[in-house]
Amino acid sequence: MSAALNRRRFLTVMLGAGGALVVGWREARAEVRPDVPMDLLGDALTSLGPFLRIERNNRVVIGARGCEIGQGVITALPMLIAEELDVDWTRVRVEQLNYGYEIGPDGPRNRYGDQGAGGSTSITDAYVELRQAGALARWLLVEAAAQQWQLPHERLDTEASHVVHPDGTRLAYAELVERAAALTPPDAPLPLRDPRDWKILGKPARTADARAIVTGRAQYGIDAYLGGALVAVVARCPLLGGSLASCDDAAARKVPGVKDVFALAGPAPEAPITRNLAAGVVVLAENTWAALQGRDKLKIEWKPGPWAEESTAALEAQADALLKGEGVPVRQDGDFAAARKSAKRTLEARYRVPFLAHATMEPPHALIRVDSDGALFVGALQSPDGASQVIADVTGLPREKIEIRLTRAGGGFGRRLKNDYVAEAALIAQKAGRPVKLMWTRGDDLQHDFYRPFGVHQMSATLDKGNAVTGMAHLCAATPRYFRDAGGKDRPVYSGCLEPDDFPAGLVPNLDKRFFALDSGLPRGWWRAPLHTFHAFAVQSFLDEIAVETKQDAVALRLKLLGEPRQLDYRGHGGPKFDTGRMAAVLTRCAEAIDWKRRRTDGRGVGIACHFTFGGYTAHAFEVGMEGGELKIHRAVCVTDVGRVINPNGVEQMMVGGTMDGLSTALNLQITVKDGQVQQSSYADYPVARMAQLPAEVEVIILPSEAPPSGAGEMGIPSVAPALANAVYAATTVRVRRLPLLPELMRRL
Amino acid sequence: MRQPFVPPGGETGVTPEPLKTGVELRINGEPFLHTGDPDMPLLWLLRDTLRLTGTKYGCGLGQCGACTVHVNGKAQRACVTPVRSLAGQAVTTIEGLASGDDLHPVQQAWIEEDVPQCGYCQAGQIMAAAELLARKPNPAESDIAQIGNLCRCGTYPRIRKAIRRAADLARAARSEAAAKAGEGK
């Protein structure tokens, strides 16, 4: 990173178009110049420049910088600014900001800070800097009033978008804007409000743009159209790493509305996937229907690639064979081999987790116009930085000439951290020489994803005479997460599948955690709480098995392992510490809520699990039973500690959503491979759960916490699958060690 | 059916363009003549031609329900409804559900319960719920659970609550209207 990017950024202010006060992150005062381009300032009708505008009627408009993928940042991020600015939240208008890349006086920068959505970091990152943005604006407005009233700054207060004189006289912020914009902002960070005095933060707020959503007016990326743009659909090679052998497009070209058909090369089989995901044949047409009709009429022969033989069955066999070997050490404490020798008893179990697709409701899509001197992109994203880079890479345009408009996204779940579809659209637009709207069908989406890794977890535990756990081994054979990723070679092979310091690291004296890399041609990516959904199922199911086998209480066993509340080192994302006390607290509260101690005599069973994800602590418990040959989930409890809560309504949504996503996935979902291609292609064979299959309610309990906020998008899912499997065991005595759970349970009942 | 336009001055003026043929239907109360491929699913007419983008594409196979609209008041999946089947029919989309600024009780309830997360499936969910309430003003939990629209974010518990709330709102509106009608007598 250049020195320029490392330089401390300051907040500066300008008087914008229409007399509005605009505040944003700047190099110190660099922008307080007459030559600031108007588009930086935004205008009321189109884009909003920096974060904040105070209009003449005292209405406050706050920009939301993040990618809204359903995690609620369009509401929560502006709340951070509004709190410190001291405005009436019900009178705030929120506007989505576009991507803010620009060349500043010291080099490239993003005028809004980090805009990506990944790793549940939006709130964590914004917690300080966006509150500072609000605090600075408030300071300037108060200072302006102090000058107008000839009073010391300290004697003035604010309330609901007004500065308040000691005698009670009020001045609307709008009346102070002009004077405030001429002031010199302080250099040092301003003091922030004590959370005990929060008026907006910590209080439930509804989705800022809910009315637009329920009236069908909310703009998603797929809703963008552009004059002159043709719709592109691509017939992609279904064979892993395969290529185009031949294509007869005569019939396709005859479809009314079809304008052009051409081939698009895929990445070289062994090379990193940095652009489009697969080779294909592009059909360009006047509308989506014509494009789809044209694609149906292509007669294509594909040439198999290096993974033509791949199958899920072969991967399982590969894993079973590899697990007999040595593998790569992930973390080793004490001497597990010795512990095994001296153990009174050793327990073993093998768990299997499948590949998963993201299946965002809004499939990948992209609208792009590439001109000789610039480009315009509209589409749902999680990584606008990545999209900007990939468009620059394909077109050769400088990034500051690439305009990226952010929209609501119909789900993300990690799919949009990859910008393959952005690259694909850019390549097509370039070749076509005109703007293009790329559309993926659901089948395209399920067949061409960056899938959550597949893996087999071999768990072992050694027990002493008193049934205390003296050691644990976690051997994991998996398709490494980093596969054909640029820069992936620099990481440990287990990166993205296992974290060295995850449970039970530090809690048992002897630990042997090892990784075995499977060879697979299926592209892999991040999938909501990626490595945590991947391994928590094995770890938390196995703890339940230990408890059952040794006739211990499954909650007591976990609490005993967690021990005294203390901070353990945690090197992975969400660290640097793992707090055993916070984990124990969510587990204990969850057990109470589900009435854990009560014996069920009605054929129902209760299961529980807990996990630490990206700095947040969550426990789940389910009460289930078999009714008329069907698995019924009667109760669902989710207890979480995600630090200080910005929007409790949003955190509840994330926990309900995580629980539902976790259940749907654990019950039903897997991607399988046969003859070198993905077998699933619709919601019929990738059956995301419908309402009737899922519990009517999730009882969410958010534990109060004074820890810094951790974010909430991903903490609500990893403990779901094991808690469900443990509940199923309690109700049926069938131990499901293979996901998805439902087909396996039905097979064995 | 529409009558051909006769120019002022009778038949002696310029030759009028031949009358375009196609499928005539009503969309949100407006008449529309679809002259394109009659097999085109309604979804693409709504989105690509009319830019009524509130109706979403989710699967193209009638599985997910993101494209649910009303055809003569009945919930239907626009992605598998060829336009030719809609001759003379009345289509209502999410954009046509509210009466001006007055939201439909289901939309109102959706805001009050704050249902949406990503929001993408919600137009379809709302259209499905509105049809359910039109058929069954007091739906049982089992009726609600029959709505088979997919939500990938898992908003189902709030959808259930919102439908119950919408039923309450609609009931209150009906009794208010009845009371007003009573006063008028």
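This is a predicted model: local features need pLDDT of at least 70, side-chain atom pairs count only at pLDDT 80 or more; totals for chains, interfaces and linings use all residues.
**Entry 1. Helix H19 of chain A**

Which residues of H19(A) are buried? In this helix, residues 741-748, I noted A:Leu741, A:Leu742 and A:Leu745 as buried. They sit on the same side of H19(A), because the arc they cover around the axis is only 90°. The general rule for the pattern is that an α-helix has 3.6 residues a turn, so residues three or four places apart point the same way.

A:Pro740 is in the loop between H18 and H19 of chain A. The peptide bond leading from A:Leu739 into A:Pro740 is cis, with omega near 0°.

Where is A:Pro576? I found A:Pro576 in the loop between strand E25 (567-569) and strand E26 (577-579) of chain A.

A:Gln150 is one of them, with phi of about 55°. I placed A:Gln150 in the loop between helix H4 (122-149) and strand E8 (157-159) of chain A. Is A:Gln150 buried or exposed? A:Gln150 counts as exposed because there are 6 C-beta neighbours inside 10 Å, and the exposed class takes 12 or fewer.

A:Lys551 is not a glycine either, and its phi is positive, near 55°. A:Lys551 lies in the loop between helix H14 (530-549) and helix H15 (554-562) of chain A. I counted A:Lys551 as exposed too, with 7 other C-beta atoms within 10 Å.

**Entry 2. Chain A as a whole**

I noted 19 helices and 32 strands in chain A. The C-alpha trace of chain A spans about 80 × 70 × 50 Å along its principal axes. How does the radius of gyration of chain A fit a compact globule? For 749 residues such a globule would have a radius near 27 Å, and chain A has 28 Å, so the two agree. Of the 749 residues of chain A, 58% count as buried. I also looked at contacts in chain A between residues at least 6 apart in sequence, and 76% of these join residues at least 24 apart.

**Entry 3. Domains of chain A**

The domain assignment gives chain A three entries: domain 1 (3-201), domain 2 (227-306 + 364-439) and domain 3 (312-356 + 450-748). I took domain 2 and domain 3 of chain A as a pair, and their centres, over C-alpha atoms, are separated by 36 Å. In this pair, 16 residues of domain 2 of chain A are in contact with 14 residues of domain 3 of chain A. What classes make up the side of domain 2 of chain A that touches domain 3 of chain A? I listed 11 nonpolar, four polar and one charged residues there.

**Entry 4. Domains of chain B**

I checked confidence in chain B before going on: the mean pLDDT is 92, and 90% of the residues of chain B reach 70 or more. Chain B is divided into domain 1 (10-96) and domain 2 (105-180). The C-alpha centres of these two domains of chain B lie 25 Å apart. I found 15 residues of domain 1 of chain B in contact with 12 residues of domain 2 of chain B. On the domain 1 side of that contact, strand E3 (68-71) and strand E4 (74-77) of chain B each supply at least two residues. E3(B) gives the most to that side, with three residues. By class, that side divides into six nonpolar, seven polar and two charged residues.

**Entry 5. Contact between chains A and B**

I noted the model scores, ipTM 0.94 and pTM 0.93. How many residues does each chain give to the contact? Chain A gives 48 residues and chain B gives 47 residues. On the chain A side, the elements giving two or more residues are helix H6 (210-214), helix H8 (288-296) and helix H17 (648-668). H17(A) gives the most to this side, with seven residues. I sorted the chain A side by class as 23 nonpolar, 15 polar and 10 charged residues.

Methods:
Residues are numbered from 1 along each chain as its sequence is written. Chains are lettered from A and ligands numbered from 1 in the order in which they are written. Two residues are in contact if their C-beta atoms, placed from the backbone, lie within 7 Å. Helices (H or I, at least four residues) and strands (E, at least two) are DSSP runs, numbered from the N terminus. Ala, Val, Leu, Ile, Met, Phe, Trp, Tyr, Cys and Pro count as nonpolar, Asp, Glu, Lys and Arg as charged, and the others, Gly among them, as polar. The radius of gyration is taken over C-alpha atoms; the globule rule is 2.2 Å times the number of residues to the power 0.38. A residue is buried if 20 or more other C-beta atoms lie within 10 Å of its own, exposed if 12 or fewer, and partly exposed in between; C-beta atoms are placed from the backbone. The arc is that of the directions from the helix axis to the C-beta atoms. Domain bounds come from an automatic or database domain assignment. pLDDT is the predictor's confidence in each residue, from 0 to 100.
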